[in-house]
Amino acid sequence: MRRKAIAAAAGLAALMLGAAGGVADAYEFTGTFPGGDCRKMAAATPPAQLWYGHFTGRRQAPWNYDFIEGRTVEGCFRSKAECENWLYQWRSAWQFNFWNDYCVKGWPPRTRPSGPRTEVPFGQ
């Protein structure tokens, strides 16, 4: 009886995966890494084709849990997917207040409006 239930669950899962078009691409935490040097990349690739990423976040300091440290990083990427993966890595390591992170096409990026984010992504 138990084997039949397991087989039925596996069959249902396979059907659901087939209907969904395959396994969704999931992000995997691999650690933070620097973005590409925008100036160097713009010399080899048209700047309008680059993706610019910006991240500002905070975390508990590993050397003192009573202290919150902040970090701001930026970089350029060849695709939106690379930029979003980079943001995911930084958000995973610096979990607090990552309110000022984004990916936008083109370098140098346009000036962002002040205030909180809106529903429409900036630069799109």
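Buried means under 20% relative accessible area, exposed means over 50%, and partly exposed lies in between, with a 1.4 Å probe and protein chains only. Keep that in mind as you select Trp63: at 59% relative accessibility, Trp63 counts as exposed.

**Before you go further**

This is a predicted model, in which local features need pLDDT of at least 70 and side-chain atom pairs count only at pLDDT 80 or more, while totals for chains, interfaces and linings use all residues. Residues are numbered from 1 along each chain as its sequence is written, and side-chain values use heavy atoms, with hydrogens and water left out.

**The whole chain**

Start by colouring the chain by pLDDT, the predictor's confidence in each residue, from 0 to 100. The average for the protein chain is 79, and 69% of the residues score at least 70. Now select residues 4-24, where pLDDT stays under 50. Counting a contact as heavy atoms within 4.5 Å, the model has two contacts beyond four places in sequence for this stretch. Where pLDDT is low, the predicted coordinates should not be read in detail.

Next, switch to a cartoon view. You will find three helices and three strands, taken as DSSP runs (helices are H or I of at least four residues, strands are E of at least two) and numbered from the N terminus. Their order from the N terminus is α-α-β-β-α-β. Of the chain's 124 residues, 27% count as buried. Among contacts with a separation of 6 or more, 64% join residues 24 or more positions apart.

Select strand 1 (51-61) and strand 2 (64-77). Strands pair if DSSP finds at least two bridges between them; these two do so in the antiparallel sense over 11 bridges. They form a hairpin with two residues between them.

Which residues stand opposite Trp51 in strand 2 and strand 3? In strand 2 the bridge partner of Trp51 is Phe77, and in strand 3 Trp51 stands opposite Lys105. Strand 1 is mostly covered, with eight of its 11 residues buried.

**Aromatic pairs**

Show the side chains of Phe, Tyr and Trp. The structure holds four aromatic pairs. Rings (for Trp, the six-membered ring) pair if their centres lie within 6.5 Å; planes under 30 degrees apart count as stacked, over 60 as edge-to-face and the rest as tilted.

Zoom to Tyr52 and Tyr102, a tilted pair at 6.2 Å centre to centre with 50° between the planes. This pair links distant parts of the chain, since Tyr52 is in strand 1 and Tyr102 in strand 3, 50 residues apart. Both tyrosines are buried. While you are here, look at Cys76 in strand 2, which stands opposite Tyr52.

Now return to Trp63, which pairs with Phe67: this is another tilted pair, 5.0 Å centre to centre with 35° between the planes. Phe67 counts as partly exposed because its relative accessibility is 38%.

**The nonpolar cores**

A nonpolar core is a set of buried Ala, Val, Leu, Ile, Met, Phe, Trp, Tyr and Cys residues joined through side-chain atoms within 4.5 Å. Select the largest one, 11 residues in all: Trp51, Phe55, Val73, Phe77, Cys83, Trp86, Leu87, Trp90, Ala93, Trp94 and Cys103. Strand 1, strand 2 and helix 3 each supply at least two residues of this core, and the largest share, five residues, comes from helix 3. Apart from it lies another core of eight residues, among them Cys38, Ala42, Tyr102 and Val104.

The charged end of Arg59 sits over the ring of Trp94, 4.0 Å from its centre. For this, NZ of Lys or CZ of Arg must be within 6 Å of the ring centre and within 35 degrees of the ring normal.

**Two last stops**

Select Gln89 in helix 3 (residues 80-93). Is Gln89 buried or exposed? Gln89 is buried, because its relative accessible area is 0%. Leaving aside neighbours within four places in sequence, Gln89 is in contact with Glu28, Phe29, Thr30, Gly31, Thr32 and Phe33.

The peptide bond from Trp107 to Pro108 is cis, with omega near 0°. Most peptide bonds are trans.
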